Amino acid sequence: MNNSLSPLLKKYFGYETFRPLQREIMETSLTGRDVVAILPTGAGKSLCFQLPALARDGLTLVISPLIALMKDQVDSLTASGIPATLLNSSVPAAEAQRRKTGLRKGEYQLLYAAPERVMSGDFIEDLKTWNLTSIAIDEAHCISEWGHDFRPEYRQIAQLRDHFPGVPFLALTATATEQVRGDIVRQLRLANPEIFLASFNRPNLNYTILPKNKPVRQVYEFIRTRPNEAGIVYVQSRKTAESMAAALAEEGIKAIAYHAGLQAEDRAANQDAFLRDEARVVCATIAFGMGINKPDVRYVIHADLPKNIEGYYQETGRAGRDGLPSECVLLFSRGDLLRNLKFLEGTSDPQVLEISARQMRQMADFAEGTGCRRSALMGYFGETWPEENCGACDNCLQPREIWDATLNVQKLLSCVFRIEKSGGFRTGLNHVVEVLTGAKTEKVRQWKHDQLSTYGIGNDWPREEWTALGRQLIRLNYLSTSSDFYETLSLAPAGFRVLKERQPVLIPRLPQSVAVSTGLRAGDIPCDELLFDELRTLRKQLADEREVPPYVVFGDISLRHMARAYPIDEAGFVKIPGVGGQKLKDFGESFIREIQKWLTSNERRTFPEIPVATVAPKMKSEGPLGPSHWETLRLFRAGKSAEQIAKLRDLSPGTIVQHLAAAVAAGELAADPRSFYTLEEENRMRDAFAEHGFERLGPVHAAMGGEIGYEKLHYYRALNLRQTVESPNE
């Protein structure tokens with residue numbers, strides 16, 4: 001059965017080789033073993049259940065959270081000659097009955113359905129008559145309350161284990177922390193699953209972070225230079241999504257808005273317009289994206305600061321799913337961080353408050369960093385980038401110019417010092433900048449800061465420049481900020497030395513434009529660009545005739561290979577990546593004719609070799625612990641206490657406890673409960689967790705009047721998780 005994978009790959013999908021980990025995942029699943037696969041967006045997760053479905057007898061059930069995603073994948077599979085269907089609320093009753101008849105007759109090999117449909121009515125009884133041989137759970141992170149898209153209905157899926165005990169599960173997601181991976185295994189009751197974890201590196205993505213200044217204009221200036229490319233602009237609010245789309249439309253750009261406040265039919269229509277290339281740009285909140293299978297999104301712009309790095313990674317991952325070079329641009333303002341933190345003030349759960357605030361500050365630290373963006377991003381997920389220069393981020397492509405900022409730094413630090421000395425209280429950076437630039441605000445007058453010697457001494461420099469400089473001085477530890485939401489300023493020791501000893505201050509300038517590599521990048525496919533444009537036009541015509549998105553006909557990769565190989569017969573055309581038997585039959589003649597026509601008035605050109613990624617992705621996961629966890633565990637085994645490790649590693653004690661609890665859950669640390677709490681405490685925690693569940697520690701902590709600390713609660717939950725994973729069917 002496994003030997004048939006490669007021929008099936010070429011026959012139906014038109015490719016000769018697998019992407020990293022795909023074959024290993026498929027072969028393991030075909031042995032009948034449960035599998036968890038964490039593959040980044042664009043790494044080919046869908047193929048991991050689609051191809052084995054063709055190698056198996058019987059039906060593969062694909063549980064997916066979104067109707068649009070189901071239809072998109074079924075359209076693509078059908079175009080490739082694969083018998084697939086879906087059952088959801090969009091299918092009329094008569095048509096649904098016809099499809100059920102086909103399922104009973106074995107006419108389909110893949111069935112897509114939402115978790116609500118699977119667990120409703122007589123669906124499970126129907127499944128028992130459809131020769132079910134495999135179950136795939138797409139977007140599996142939705143099952144975890146610790147994930148970023150938690151959906152309670154996913155929790156019911158585990159009931160399928162009782163009805164189909166011998167059917168293997170394949171759980172797939174693009175991002176999942178160790179905690180979420182453990183939750184997936186536990187909630188789905190997976191039996192000793194094989195876990196595959198691919199590299200989080202997306203070599204074809206270029207990361208750039210720019211100071212935010214008139215964001216609508218910045219977004220427009222970026223988009224206008226890319227007239228034929230599709231992109232997503234992420235914003236925080238529905239209102240901003242509407243206004244951004246309207247502003248771009250006024251400039252002649254086909255832009256639409258997408259957010260949860262739109263009527264369902266309007267959301268569907270706008271999404272369809274984007275998928276079919278009838279709208280170039282979608283301005284959206286985070287409501288847009290999960291399951292969007294459009295492979296040729298060439299850029300993702302964050303016009304507002306994301307709330308955490310995991311969300312940022314997930315959203316940038318929607319660019320360049322086809323592996324071709326694409327841009328990820330973030331417009332950063334520290335004001336966005338303060339606004340995000342302000343939204344948290346009404347949060348009642350102290351643990352949620354602490355975690356969310358920390359994640360927001362991590363995102364801001366990433367944005368303000370001067371090191372390699374790729375290295376920092378991968379490091380967040382516990383992976384090490386081995387190169388000094390990634391060649392595809394602003395900090396690596398365009399090393400910052402160093403300038404002598406001594407005079408301006410002295411002015412700003414002096415202003416901070418005099419504000420605090422004059423009134424005995426501290427203020428935030430915005431107020432400091434208002435004093436420096438001589439603003440006549442009510443607070444400046446009320447606090448008599450217009451009488452300070454530093455008032456107006458910076459009016460020869462724009463406010464935005466002073467604000468950016470202030471943020472750099474915070475990051476470089478010349479200024480300290482309070483730990484509350486207001487982030488009031490005070491001089492750090494290094495700042496005092498600058499004023500007292502007149503030390504020179506040399507700092508890097510902030511970038512103002514997107515840095516682009518001048519050479520070939522990972523994913524580049526050099527080709528005849530004019531022919532490529534002609535083939536795109538033909539593809540759109542054929543797609544419109546079939547009422548499907550253009551990429552269902554062929555992706556950009558296939559078109560670019562056509563525009564560099566110039567195939568003029570079937571023998572040459574079938575060698576193009578993405579050309580399988582069905583697509584050769586349906587579209588081969590049209591594209592071959594277009595290429596032959598092109599060559600009657602244009603010469604063939606030759607092109608450089610296609611570059612390949614120089615860094616191999618990480619292979620099969622060695623477990624749920626990342627490098628940071630292992631370092632904590634090493635020190636703990638060496639006899640260090642959690643408090644000592646926290647000081648040595650410059651991490652919070654709570655983080656160290658979470659590392660050790662994860663090690664307990666993974667079976668890497670002795671699991672004797674008496675090492676962590678007394679029998680009496682265990683009994684109290686058992687009762688509290690039984691009442692409030694394991695998802696959140698806050699309610700459990702409160703139920704016991706705070707008498708048992710979070711440290712012991714973490715350990716108790718970890719031990720419970722370990723026992724559940726070791727005995728999944730008990």
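Predicted model: local features only at pLDDT ≥ 70, side-chain atom pairs only at ≥ 80, totals over all residues.
Figure 1. Which residues does A279 contact, once its neighbours within four places in sequence are left aside? They are K254, I256, A273 and F274. K254 lies 25 residues from A279 in sequence, yet the two C-alpha atoms are 5.0 Å apart.

**Figure 2. The open sheet of 6 strands.** The strand order is β8-β13-β12-β9-β11-β10, and the pairing is parallel. β8 (205-211) and β10 (255-258) are the edge strands; each has a single partner strand, so one side of each is left without a neighbour in the sheet. On average, neighbouring strands of this sheet are turned by 20 degrees against each other, with direction ignored. Helix α12 (residues 264-275) packs on the sheet and touches β9, β10, β11 (281-284) and β12. The direction of α12 makes about 140 degrees with that of β10.

**Figure 3. Strand β12 and its two partners, β9 and β13.** Is strand β12 (residues 297-302) largely enclosed or left open by the rest of the structure? Of its 6 residues, 6 are buried, so β12 is largely enclosed. Strand β9 (residues 230-234) runs parallel to β12, and 5 bridges join the two. One of the residue pairs here is A230 with V297, the latter in β12. Towards strand β13 (residues 326-332), β12 forms 4 bridges, again in parallel. I301 has V329 of β13 as its bridge partner. The chain passes from β12 through helix α13 (residues 309-316) to β13, a β-α-β crossover that is right-handed.

**Figure 4. Helix α3 (residues 47-55).** All 9 of the 9 residues of α3 are buried, so the helix is largely enclosed by the rest of the structure. The buried residues are L47, C48, F49, Q50, L51, P52, A53, L54 and A55.

**Figure 5. Helix α21 (residues 463-475) and the residue N477 that follows.** The buried residues of α21 are W466, A468, L469, G470, R471, Q472, L473 and I474. An α-helix has 3.6 residues a turn, so residues three or four places apart point the same way. After α21 comes N477, whose phi is positive, near 65 degrees.

**Figure 6. The whole protein, for orientation.** The protein contains 33 helices and 17 strands. Of its 730 residues, 54% count as buried. Among contacts with a separation of 6 or more, 73% are between residues 24 or more positions apart. The accessible surface comes to about 32,200 Å², and carbon and sulfur atoms account for 49% of this area.

Terms used: Residues numbered from 1 in each chain as written. Heavy atoms only, no water. Buried < 20%, exposed > 50% of the residue type's maximum accessible area, 1.4 Å probe, protein only. Pairing = 2+ DSSP bridges. Right-handed = clockwise from strand over helix to strand, strands pointing away. Contact = heavy atoms within 4.5 Å. Areas by Shrake-Rupley, 256 points an atom, 1.4 Å probe, with all protein chains shown as cover. Expected span 1.5 Å × (residues − 1). Axes fitted to C-alpha atoms, helices over the stretch in contact; angles between N-to-C directions.
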